[in-house]
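Good morning, colleagues. Please turn to the sequence and structure on the screen, which I shall discuss with attention to salt bridges.

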Amino acid sequence: MTPPNILMIMTDQQRRDTLGIYGCDWIPTPHLDRLGEAGAVFEHCTVDNPICTPSRASIFTGKPVPGHAVQRVHDNLPPDEVLFTERLRQEAGYRTALFGKLHVSSRVQEEHQRHPHDGFDIYEWCLEPSVSIQSPFNGYAAWLRETAPDFLAALRSNGRKELHHPEALHMSKWAADRTISFVQSMKEEEQPFFCLMSLFDPHDPYEDYPLAFRNCIDAAKIPDPVVSRTTQPECVRREQQGSYLGRFADFSPEEIRKIRLGYAASIAFLDVQVGRVLTALDDAGLAQDTLVIFLSDHGDQLGDHGLFIKGVALYEPTTGVPLMLRWPGHLTAGTRCTALAQGRDVAATCLTAAGLDTRSCLESEDLVAMALRNAAWRSSAICAYRNSGVNDSGSFWNPPMHATMARDQRFKLTFYASGGLIQRELFDLETDPQETVNLSGNPVHAEVELKLLGDIASFLQNEAMMAAPRATSSIPNAAQRLQNRIK
């Protein structure tokens, strides 16, 4: 079988419930909705970590967090790790291209040095519009330097305070333009391609969207933040007092609504850019031979549960992301897959489609096969936060905060550990999808809680063995304490 082209479209910090195909009625996403309607929509995709760098390291290596050693936002992917794109290029003869964000290592590392096994023939990197502008790898800044030096100067001067970027100069449009040019250049080629269009939107600061797209959002439909109805764990309360965006209590309802509006407008804008790329794929006559993958690296709380952005609190707005695949002739249009997918499954999916073995990522599953049988090998999905994010001072949390989540298709358990304090949250996602009532300790749900505790304990035990000796002592200690509790 001839290997397919692969077009992978990634957004940054986009929660699952922001697309019409997942039931959202307040953000217009017609192009992404049509993409989902033409293939498979995954109802339960869980990220491996709720922070950019560890999550993306999992996506591109096919490994859970302990497998690649990237635990925190400023960690670097070890040089001996191999991205699946490298295998596509070397072993299957793919022409590979990146337009936008990679972030499998820290910003400082990627600004100065490419990963030796990133696998991209064309590498037009850009972490976000206004950072690392002087990096020799920054394709967006290089383009602005030639076409719009005044806007580049404004980004350099104002950073994230430069608001409402012009549509013609926006990073999302640049990435779409470059992707379209690449697709057009490949239409007469026999060589298959892998193209990663990786956007920064809808990541904060929420006000870089082109101003005209504000009118796409009906402010009256913007939902209010979800409020928890039971006492939250200490780790969650600490984050409410000092996420890098600020203290939740310091934001007025109007300011939170403005954040949500900007987030939504960014999604409406990126949806248009995705539509342009998909049209270009059609026009080049390549759609039938191309596997299209759409996903995000993690979500955003947007004020839900008294929280902003992402972090230790492993609620669905952070851990649940959109995941859609379209592959004509291989996936039936209108497929809804309820199996437990994870971000790291993208690696095995691409390798399998290219006819390569997946021994380099044994804990990654082929999403095409998963969608066809509507079942996964795993009985629960795991998300692991390892003091991964920073607080409002830009520092890692002290004492460190760790959280490990296991979910099946109905229940979700999160195990929080910090400074010797261990707490749990259990939610019934069927009857309480907004996760407002903690059922941990309820004898009615003792059996499912014990089962999910066992899954977490197994993960922690494996993590301790894989991470030693580089792991912090709190990981094996937490594993032992949990094993003791289960016994």
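Is aspartate 75 buried or exposed? This is a predicted model, and in it aspartate 75 counts as buried because its relative accessibility is 17%, under the 20% cut-off. Its salt-bridge partner is arginine 72, with the closest N and O atoms 3.7 Å apart. Arginine 72, at 30% relative accessibility, counts as partly exposed.

The unreviewed UniProt entry carries the annotation "domain: Sulfatase N-terminal" for residues 4-355. That span is 35% helix and 14% strand, and its end C-alpha atoms lie 10 Å apart. For the model, the count of salt bridges comes to 38.

A second pair is arginine 378 with glutamate 365, whose closest N and O atoms are 3.8 Å apart. This pair links distant parts of the chain, 13 residues apart: arginine 378 sits in the loop between helix H13 (367-373) and strand E10 (381-386), and glutamate 365 in the loop between helix H12 (345-353) and H13. Arginine 378 is buried at 13% relative accessibility, and glutamate 365 is buried with a relative accessible area of 2%.

Lysine 451 is partly exposed at 34% relative accessibility, whereas aspartate 455, at 18%, counts as buried.

Notes
Residues numbered from 1 in each chain as written. Predicted model: local features only at pLDDT ≥ 70, side-chain atom pairs only at ≥ 80, totals over all residues. Heavy atoms only, no water. UniProt positions renumbered as here; feature names shortened; annotations may be inferred. Helix = DSSP H or I, 4+ residues; strand = E, 2+ residues; numbered from the N terminus. Salt bridge = Lys/Arg side-chain N within 4 Å of Asp/Glu carboxyl O. Buried < 20%, exposed > 50% of the residue type's maximum accessible area, 1.4 Å probe, protein only.
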